[in-house]
Amino acid sequence: MPRPREPAPIYLDCDTGIDDALTLGYLVAAGAELVGVGSVSGNVSAELGARNTLDVLALAHRADVRVAVGAHDPIRGSFHGGAPGVHGANGIGDVVLPRSDAAPTGETAAAMLSRLAREHAGRLHVLAVGPLTNLALALDADPELPSLVAGVTIMGGAALVPGNVTAVAEANIFNDVLAAARVLDAEWPVTVVGLDVTMEARFEQRHLDALLEGPPVARALGAMLGTYFRYYTPVLGRPSCALHDPLAAAVALGELEPTLAPVVPVEVDTTEGPGRGQTIADLRSRFIGYPALPGTRHRVVLEVPTGFGDRLAEALLGL
Ligand code: RIB
Ligand code: CA
């Protein structure tokens, strides 16, 4: 499975969002070659997500990175209004950042992805940490896209653990199940970083304290985290939060090598019943010596080394 072990151009698709904001900071701190960012409705609307992205990038001294506004609504239906209880009314923990002078590009996120795939043919890595609407739209508009992209990493799904929206569905998948199915069905290699590992990767109180006492960028990110901690503390039973999107970024960058990540088929349940939004990873090959099943191209991350919170905090403190 291609991963950008060597520095590779990255297109980020996000719904900024507190953990998306941490991801932007992490990518900058890690020196990632961020060639474009698209927004999508999820934690907030695509329009507000783009504004948050521009402002966080400016905060992290990367106002030069171009940002495109993506899809407001999922492939079918309408944007549900976001997750203010998790991310605050403005998506970034109600922290008011200095407004970046930069504006979104005029192109859509899907058009940006298609353009970047050609400009970096065979090298571009796609990191998607929101609903997959933009990727699905790009696939529909540009049938060559899978052959141009080196790899896709998504934060989404739950293979062997419960969902966080329904009993079985994770938010990024549930918020646009048709798009998720389209992306997982396409002929490109996808690394799936789901709740199996992202719920276990955490910031604890000591990480938050360190950020709040750190340099200005870390302090601003720490201020956002207050809201996230308030949501997650009763869920996790201690002052802490899950690090969904930054963990996916670390895997995409090759900074974190999974210790268990079988390559298997994955499909999304798009029915209207209780299974809607479930990512069904066909892990039978673990027990039965199947030859590769049809659709075997998804690397499902099931275990990663511990201690990611320490690494992320250290990176953000360096901004
Ligand atoms: O389920 C967690 C995911 O949903 C994360 O990407 C978070 O930012 C939200 O988009
Ligand atoms: Ca996200």
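So, which residue follows α12, and is its phi positive or negative? That residue is Gly254, and its phi is positive, near 80°.

Quick housekeeping. This is a predicted model, where local features need pLDDT of at least 70, side-chain atom pairs count only at pLDDT 80 or more, and totals for chains, interfaces and linings use all residues. Residues are numbered from 1 along each chain as its sequence is written, chains are lettered from A and ligands numbered from 1 in the order in which they are written, and side-chain values use heavy atoms, with hydrogens and water left out.

Okay, helix α12 covers residues 244-253. Helices here are DSSP runs of H or I, at least four residues, and strands are runs of E, at least two, numbered from the N terminus. Now, 10 of the 10 residues of α12 are buried, so the rest of the structure largely encloses it. Buried means under 20% relative accessible area, with a 1.4 Å probe and protein chains only.

One of those buried residues, Asp245, is also a donor to the calcium ion (ligand 2), alongside Asp15, Asp20 and Val129, at 2.3 to 2.8 Å. Asp15 sits in the loop between β1 and α1, so with Asp245 it ties together parts that are 230 residues apart in sequence. Donors are N, O and S atoms within 2.8 Å of the metal, or 3.2 Å for Na, K and Ca; water isn't among the atoms, so sites may look incomplete.

Last stop, strand β7. It runs parallel to β6 over 4 bridges, and 4 bridges also join it to β13, again parallel. Strands pair if DSSP finds at least two bridges between them. Val192 in β7 stands opposite Ile154, and its bridge partner in β13 is Val300.

Technical notes:
Buried < 20%, exposed > 50% of the residue type's maximum accessible area, 1.4 Å probe, protein only.
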